[in-house]
Amino acid sequence: MSARPPLPYEFLPQVPSFPLTSEDIAEGGTLAREFTHSGGNLSPQLAWSGLPAGTRGIAVTCYDPDAPTGSGWWHWLALNLPADTTSLPRGAGSSDRDLPGAASFHGRNDFPGNKYDGAAPPPGAPHRYVFAVHALDVEKLDVSADTPPAQVGFHLTFHTLGRALLTAEYGV
């Protein structure tokens, strides 16, 4: 078996971390079927605390670095969440109206869709799904619902004060 690609966050400017937990997934654990594309397509519950001083907004993303694309696969981009948000309930990735705050929205993922689309790896080795909460120095990113995920990532990189990661696996 070949080595897994590194996580993209390893190549970005280092920022402080903060606690990120979930009632639905555990670090290094296996995603339950309900969080997969064919098994329910629900986004997992996430909760965080201890955001860095100066946090003005939050973004939540899910990325698969193991997708056979050369550039990974974006599953979820929940953007422009209010700075006082401390959690997202299970299923919050289903539509914009399930997100807190009037300015919050789902960015385009790689399926493409503007919502959470769960794990859907091809047969073979399990893939990693990296759920990230980004504490931002702006209330709103200068992106739209149609902005490509890589471009959203560019904006995230330059506005992230802190980042928490939770990685789970799924394979078929």
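Ala, Val, Leu, Ile, Met, Phe, Trp, Tyr, Cys and Pro count here as nonpolar, Asp, Glu, Lys and Arg as charged, and the others, Gly among them, as polar. The legends below describe a predicted model.

**Figure 1. The largest pocket and its lining.** The largest pocket holds about 270 Å³ of space. Its lining is made up of 16 residues, and Pro8, Tyr63, Ser71, Trp74 and Gly153 are those nearest the centre. By class, the lining residues of the largest pocket are 9 nonpolar, 6 polar and 1 charged. Helix 1, residues 149-159, is the element that gives the most to this lining, with 5 residues.

**Figure 2. Helix 1 against the strands.** Pro149, Val152, Gly153, His155, Leu156 and Thr157 are the buried residues of helix 1. They pack against strand 3, strand 4, strand 7 and strand 8.

Figure 3. An open sheet of 5 strands runs in the order 6-4-3-7-8, and its pairing is antiparallel. Strand 6 and strand 8 are at the edges with a single partner strand each, so one side of each has no neighbour in the sheet. Strand 3 pairs with strand 4 in the antiparallel sense over 7 bridges, and 7 bridges also join strand 3 to strand 7, again antiparallel. Strand 4 pairs with strand 6, residues 105-106, over 2 bridges in the antiparallel sense. Individual partners can be followed across the sheet: Val60 has Ala78 of strand 4 as its bridge partner, Ala78 stands opposite His106 in strand 6, and Thr61 stands opposite Ala132 in strand 7.

**Figure 4. Strand 4 and Leu79.** Leu79 lies in strand 4 and is buried, with a relative accessible area of 0%. Leu79 touches residues that include Ile58, Ala59, Ala103, Leu141, Val143 and Val152. Phe105 is also among the residues that Leu79 touches; the C-alpha atoms of Leu79 and Phe105 are separated by 5.5 Å, although the two residues are 26 residues apart along the chain.

**Figure 5. The largest nonpolar core and Trp76.** In soluble globular proteins, nonpolar side chains tend to be buried together. The largest nonpolar core of this model has 26 residues, and Leu31, Leu46, Trp48, Val60, Trp76, Leu88 and Phe131 have the most contacts inside it. Two or more residues of this core come from each of strand 2 (46-48), strand 3 (57-64), strand 4 (73-82), strand 7 (127-136) and strand 8 (160-170). Another core, of 16 residues, lies apart from the largest one and has Tyr9, Leu77, Ala132 and Val152 among its members. In the close-up of Trp76, its contacts include Leu46, Val60, Leu88 and Phe131, along with Ser43, Cys62, His106, Lys115 and Tyr116.

Figure 6. Strand 1 and strand 2 run antiparallel and are joined by 2 bridges. Thr21 has Ala47 in strand 2 as its bridge partner.

Methods. Residues are numbered from 1 along each chain as its sequence is written. This is a predicted model: local features need pLDDT of at least 70, side-chain atom pairs count only at pLDDT 80 or more; totals for chains, interfaces and linings use all residues. Side-chain values use heavy atoms; hydrogens and water are left out. A nonpolar core is a set of buried Ala, Val, Leu, Ile, Met, Phe, Trp, Tyr and Cys residues joined through side-chain atoms within 4.5 Å. Buried means under 20% relative accessible area, exposed over 50%, partly exposed in between (1.4 Å probe, protein chains only). Helices (H or I, at least four residues) and strands (E, at least two) are DSSP runs, numbered from the N terminus. Contact means heavy atoms within 4.5 Å. Two strands pair if DSSP finds at least two bridges between them. On a 1 Å grid over the protein atoms alone, a cavity is a set of points where a 1.4 Å probe fits but cannot get out, and a pocket is an open set with protein on both sides within 12 Å along at least five of seven lines; lining residues have an atom within 4 Å of a point. Grid points are joined across faces, edges and corners, and a volume is the space filled by probe spheres set on the points. Lists of a residue's contacts leave out its neighbours within four places in sequence.
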